[in-house]
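Hi there,

Here is the structure I promised to pass on. Have a look at it first, and my notes follow just below.

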Amino acid sequence: MFIVVFLGFLILAGLTAVVGRIIYLSSTTPAQPAKSEASAPAGVAEAALGRLALPQGAVVKSVSVGGDDRLAVYYEAPAGAGIIVVDLTTGAVLQRLDVVPGGEAR
């Protein structure tokens, strides 16, 4: 009987701890403040402001962050698939790669 009561107490204590932590984290300010578009420097490219030029009819299939300041965007377009690598600190497009089937170069 003691074990059942003790385990019930542990379950309630665990749930209380989880709910308390959720309330604590939701009430504190984030460690890194969110950047606003208005605070971007004048010389920053359009990609840093949230715009990235893709080919006509392209659909983004996946996005991946590499390191602290690289973003790779994989897209598929009617003309073919590709990958665009963007520097997140400056917004500059570092590289555009065409993805071709069978290892053939265009």
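Let me start with Asp87. Leaving aside its neighbours within four places in sequence, Asp87 is in contact with Asp69, Arg70, Ala92 and Leu94. Please keep in mind that this is a predicted model.

Asp87 belongs to strand S3, which covers residues 80-87. Is Asp87 buried or exposed? Asp87 counts as buried because its relative accessibility is 11%, and the cut-off for buried is under 20%. The side chain of Asp87 also takes part in a polar contact of 2.8 Å with the side chain of Thr89.

Another aspartate to look at is Asp68. You will find Asp68 in the loop that runs between strand S1 (59-66) and strand S2 (70-77). Asp68 has a relative accessibility of 78%, so Asp68 counts as exposed.

Which residues make the nonpolar surface patch of about 680 Å²? The patch is made by Phe2, Ile3, Phe6, Leu7, Phe9 and Leu10. One of these, Leu10, sits in helix H1, which spans residues 2-27.

Best wishes

Definitions and conventions. Residues are numbered from 1 along each chain as its sequence is written. This is a predicted model: local features need pLDDT of at least 70, side-chain atom pairs count only at pLDDT 80 or more; totals for chains, interfaces and linings use all residues. Side-chain values use heavy atoms; hydrogens and water are left out. Patches are made of residues with over 30% relative accessible area and no salt bridge: like charges are joined within 9 Å, nonpolar side chains (Val, Leu, Ile, Met, Phe, Trp, Tyr) within 5 Å. Accessible areas come from the Shrake-Rupley method with a 1.4 Å probe; for residues, only the protein chains shown count as cover. A salt bridge is a side-chain nitrogen of Lys or Arg within 4 Å of a carboxyl oxygen of Asp or Glu. Helices (H or I, at least four residues) and strands (E, at least two) are DSSP runs, numbered from the N terminus. Buried means under 20% relative accessible area, exposed over 50%, partly exposed in between (1.4 Å probe, protein chains only). A polar contact is a pair of N or O atoms within 3.5 Å; within protein, one must be able to donate a hydrogen and the other to accept it, and residues adjacent in sequence count only if both atoms are side-chain atoms. Contact means heavy atoms within 4.5 Å.
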